[in-house]
Each structure stands twice: as structure tokens, then as C-alpha cells.
Amino acid sequence: MQFYQPIFDWAEDYCKSPQPQTTLELGFEYLNSDSMKCMYGLLKILRENITEPNTLVIKWIYEP
């Protein structure tokens, strides 16, 4: 959780005045269950706070 706290802090601060379109690109070499919970928390913060007329685009980068 310590690793992700600065990201949560950034997201909450960013959501106070987001750009018209926000694009979040996510790519991981490895993702365990604890990291997945933190990613869910980040996405939840963004989803709840970036609302119309602003848009949120999420790009999940993975190897086929």
C-alpha cells in the first residue's frame, strides 16, 4: 500500500481539476491480488470524480 499511496494522492489531487480528456495507460509485468486491489481503488477514484463533460479513457496494455 505504501507504494501506491503517492498515486492515490496524485489521483485525488488531479480530480479536483481534470483535463477535458484523461487517458490512463496501464501496463504491468506482473500483477498480484494486492496490486489488483490497489488498481481497482485508483480506477474507482478516477471513475467517481471524472464525470461529464470530462471523459476518462483507460488503455490496458498487455502482451497478446
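Is Thr22 buried or exposed in this structure? At 7% relative accessibility, Thr22 counts as buried. Buried means under 20% relative accessible area, exposed means over 50%, and partly exposed lies in between (1.4 Å probe, protein chains only). The model is predicted: local features need pLDDT of at least 70, side-chain atom pairs count only at pLDDT 80 or more, and totals for chains, interfaces and linings use all residues. Residues are numbered from 1 along each chain as its sequence is written, and side-chain values use heavy atoms, with hydrogens and water left out.

The chain has 2 helices and 2 strands. From the N terminus on, these elements run α-β-α-β. Helices (H or I, at least four residues) and strands (E, at least two) are DSSP runs, numbered from the N terminus. The C-alpha trace spans about 35 × 30 × 15 Å along its principal axes. Of the 64 residues of the chain, 25% count as buried. Contact means heavy atoms within 4.5 Å. Among contacts with a separation of 6 or more, 77% come from residues 24 or more positions apart.

Thr22 lies in strand E1 (residues 21-27). Its contacts, leaving aside neighbours within four places in sequence, are Tyr14, Ile50, Thr55, Leu56 and Val57.

Next comes the core. In soluble globular proteins, nonpolar side chains tend to be buried together. A nonpolar core is a set of buried Ala, Val, Leu, Ile, Met, Phe, Trp, Tyr and Cys residues joined through side-chain atoms within 4.5 Å. The largest such core here has 13 residues, of which Phe8, Leu42 and Leu46 touch the most other members. Helix H1 (5-14), E1 and H2 each supply at least two residues of this core. H2 gives the most, with 5 residues. Phe8 touches Met1, Cys38, Gly41, Leu42 and Ile45, not counting residues up to four places away in sequence.

Helix H2 has 17 residues and reaches 24 Å from its first C-alpha to its last. That is close to the 24 Å expected at 1.5 Å a residue, where the expected span is 1.5 Å times one less than the number of residues. The buried residues of H2 are Ser35, Cys38, Met39, Leu42, Ile45 and Leu46. They cover an arc of only 120° around the axis, so they sit on the same side of H2. The arc is that of the directions from the helix axis to the C-beta atoms. What covers these buried residues includes H1, E1 and strand E2 (55-61). The face turned away from the buried side carries the exposed residues Ser33, Lys37, Tyr40 and Arg47. Lys37 counts as exposed because its relative accessibility is 59%. The C-alpha atoms of Lys37 and Trp60, 23 residues apart along the chain, are separated by 16 Å.

The cysteines were also examined. A disulfide is a pair of cysteine sulfur atoms within 2.5 Å. A search of the whole structure finds 0 disulfides. Cys15 is in no disulfide, and the nearest cysteine sulfur, that of Cys38, is 17 Å away. For Cys38, the closest cysteine sulfur, in Cys15, is too far for a bond. Cys15 counts as buried at 10% relative accessibility, and Cys38 counts as buried at 9%.
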